[in-house]
Amino acid sequence: MPTFNSRGLRGSSLEECVNHTNDVLRQDGLALIQKIPTPITPIDIDKATRHITLAYFDKKSTIDYIGAVQGIPVCFDAKECNVDSFPMHNIHEHQMTFMEDFEKQDGISFFLIYFSHREIYYYMRFEEALHFWNRGRSGGRKSVRIEELDDEFFFSSSNGYFLPYLDMINKDLGKRG
């Protein structure tokens, strides 16, 4: 079974921003989005700090977040990248399958990608992710260069900690027409 250690903390600042944003959206009555925990079984626990230092995943998780925005079902996964090319192997087949099924139920699926070295965020629509996913699976490039992404879906944090991704959902809805 797969195990994790300190690598599991990668992206935790992104997760904190998303969680904070979701708290504000809930308090403002705009959305109800919840983090889906990844089920794990601890193997080693540091007795002094009571932190899990080694564990294995019980099963594959689907996506990071799920909920509703103004009555619209949404699900998304948050990814972090520290270069100008996002490797599509960071997205797993079971995530794509879940998101595709979610979209078939009239939900909105997307990826929030944080390009940490540039301090910018990108809202990758499921349709766009599927295009790049299929390109890689059919023998093409297996990563996405930042220049290939739609300029309209880049955004920055607000007040340094709030991610205005609802604006991107509105743009996404406009493209679905």
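Two strands count as paired if DSSP finds at least two bridges between them, and the strands themselves (E, at least two residues), like the helices (H or I, at least four), are DSSP runs numbered from the N terminus. By that rule, β2 is joined to β5 (residues 65-69) by five bridges, and the two run antiparallel. In β5, Y65 is the bridge partner of K35. This is a predicted model, so local features need pLDDT of at least 70 and side-chain atom pairs count only at pLDDT 80 or more, while totals for chains, interfaces and linings use all residues. Residues are numbered from 1 along each chain as its sequence is written, and side-chain values use heavy atoms, with hydrogens and water left out.

Zooming out, β2 and β5 belong to an open sheet of six strands, ordered β2-β5-β6-β8-β9-β11, with mixed pairing. At its edges sit β2 (31-35) and β11 (154-155), each of which pairs on one side only.

Helix α2 (residues 93-104) packs on it, touching β5, β6 (72-81) and β8 (108-115); here contact means heavy atoms within 4.5 Å. The direction of α2 makes about 155 degrees with that of β6. Such angles run from 0 to 180 degrees between N-to-C directions, and the axes are lines fitted to C-alpha atoms, for helices over the stretch in contact. The end C-alpha atoms of α2 are 17 Å apart, which agrees with the 16 Å that its twelve residues should span at 1.5 Å a residue. That expected span is 1.5 Å times one less than the number of residues.

Which residues of α2 are buried? They are Q95, M96, M99, F102 and E103, where buried means under 20% relative accessible area, exposed over 50% and partly exposed in between (1.4 Å probe, protein chains only). Seen down the axis of α2, these buried residues fall within an arc of 125 degrees, so they line one face of the helix; the arc is that of the directions from the helix axis to the C-beta atoms. An α-helix has 3.6 residues a turn, so residues three or four places apart point the same way. The cover over the buried residues of α2 includes β5, β6, β8, α3 (126-137) and α4. Just after α2, D106 takes a positive phi of about 65 degrees.

Helix α4 (residues 165-176) lies across β2, β5, β6, β8, β9 (120-125) and β11, and runs at about 130 degrees to β8. Its buried residues are Y165, L166, M168, I169 and D172. They cover an arc of only 150 degrees around the axis, which puts them on the same side of α4. On the face of α4 turned away from that buried side are the exposed residues N170 and G174.

Two residues in other helices give a closer look at the packing. T21, in helix α1 (residues 12-27), counts as buried at 0% relative accessibility. Leaving aside neighbours within four places in sequence, T21 is in contact with Y161, F162, L163 and Y165. A129 lies in helix α3 and is buried too, with a relative accessible area of 0%. With neighbours within four places again set aside, A129 is in contact with M88, M96, F111 and M124. Between A129 and M88, 41 residues apart along the chain, the C-alpha atoms are separated by 8.6 Å.
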